[in-house]
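Here is a short tour of one protein chain. Have the sequence and the 3D view at hand as you read.

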Amino acid sequence: MADKKLTRDSIAAAALDLLNEQGLDQLSLRRLAARLEVKAPSLYWHVADKNALLALLAESVFAACLSQIPPSPDWRAWLRAFGLALWRAQNAMRDAGRLILLTAQPESVLVRMEQDIVAPLVALGLPAEDAVAMQAAIQALVTGWTCFARGPNAAYLQGHMVNEAAFLRALDALLAGYAAAR
């Protein structure tokens, strides 16, 4: 990596690898610099501190989820694909719940993320205010289910239900309930 240009994307990808290998508590700028074969101060051009690194990582995962959403016939299908992409990303990532709950995003990033969600939903006929509320409800549902399915009782729960199938039923119920209430 030393001869390649250091980018926010390469930093986020290496940080995700380290997170999955070692966990959130072990993820540090020093370890990340070693992984990227650069000196830690080189990272400071891109991320000022650990929270900035975690924010970049969370933003990168979120953007990847949005990029996976196929063209959708309506807002319900779009939101279902969004929820499923988030579910799969969070379940593939170690300490996803903690990363989400502990990381403060800059307001500019939050605004851009909101716009990236609201624009396609408005284009599919969902009012902007409803789009904001529904995406928040879906993110809360996904993160709650991720923590539930990967928490200390995960083995017991998995023995009594298929977590993804149960999650999808909950997601579909949320979307159906909202559609009925409109």
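## The last helix and its cover

In this predicted model, helix H10 has seven residues to look for on its buried side: Asn163, Ala166, Phe167, Leu168, Leu171, Leu175 and Tyr178 are the buried residues of H10. An α-helix has 3.6 residues a turn, so residues three or four places apart point the same way. That is a handy thing to keep in mind while you turn the view.

What lies over these side chains? The cover on the buried residues of H10 includes helix H5 (75-92), helix H8 (128-150) and helix H9 (154-160). Helix H10 itself runs over residues 163-181, which gives it 19 residues. From first C-alpha to last, H10 reaches 27 Å, close to the 27 Å expected at 1.5 Å a residue.

## The whole chain

Stepping back, the protein is built with 10 helices and 0 strands, and its pattern along the sequence reads α-α-α-α-α-α-α-α-α-α. Along the principal axes, its C-alpha atoms fill a box of roughly 55 × 40 × 25 Å.

Of the 182 residues in the protein, 41% are buried. Among contacts with a separation of 6 or more, 72% are between residues 24 or more positions apart.

## Surface and charge

The protein exposes about 9700 Å², and carbon and sulfur atoms supply 57% of that area. On the charged side, there are 17 positive and 17 negative side chains. The centres of these two sets lie 6 Å apart.

How many disulfides does the protein have? The count comes to 0. Cys65 cannot pair here because its sulfur is 15 Å from the closest cysteine sulfur, in Cys147, too far for a bond. Seen from the other end, the closest cysteine sulfur to that of Cys147 is in Cys65, again 15 Å away and too far for a bond. For a disulfide, the two sulfur atoms would have to be within 2.5 Å.

Is each of these cysteines buried or exposed? Cys65 counts as buried, because its relative accessibility is 1%. Cys147 has 38% relative accessibility, so it counts as partly exposed.

## A tyrosine in a loop

One more residue is worth a visit. Tyr44 sits in the loop between helix H3 (40-43) and helix H4 (50-67). Its relative accessibility is 45%, so Tyr44 counts as partly exposed. If you go from Tyr44 to Ala140, you cover 96 residues in sequence and 32 Å in space, C-alpha to C-alpha.

Note on methods:
Residues are numbered from 1 along each chain as its sequence is written. This is a predicted model: local features need pLDDT of at least 70, side-chain atom pairs count only at pLDDT 80 or more; totals for chains, interfaces and linings use all residues. Side-chain values use heavy atoms; hydrogens and water are left out. Helices (H or I, at least four residues) and strands (E, at least two) are DSSP runs, numbered from the N terminus. Buried means under 20% relative accessible area, exposed over 50%, partly exposed in between (1.4 Å probe, protein chains only). Contact means heavy atoms within 4.5 Å. Accessible areas come from the Shrake-Rupley method with a 1.4 Å probe; for residues, only the protein chains shown count as cover. Lys and Arg count as positive and Asp and Glu as negative; His and the chain ends are not counted. The place of a charge is taken as NZ of Lys, CZ of Arg, CG of Asp or CD of Glu. The expected span of a helix is 1.5 Å times one less than its number of residues.
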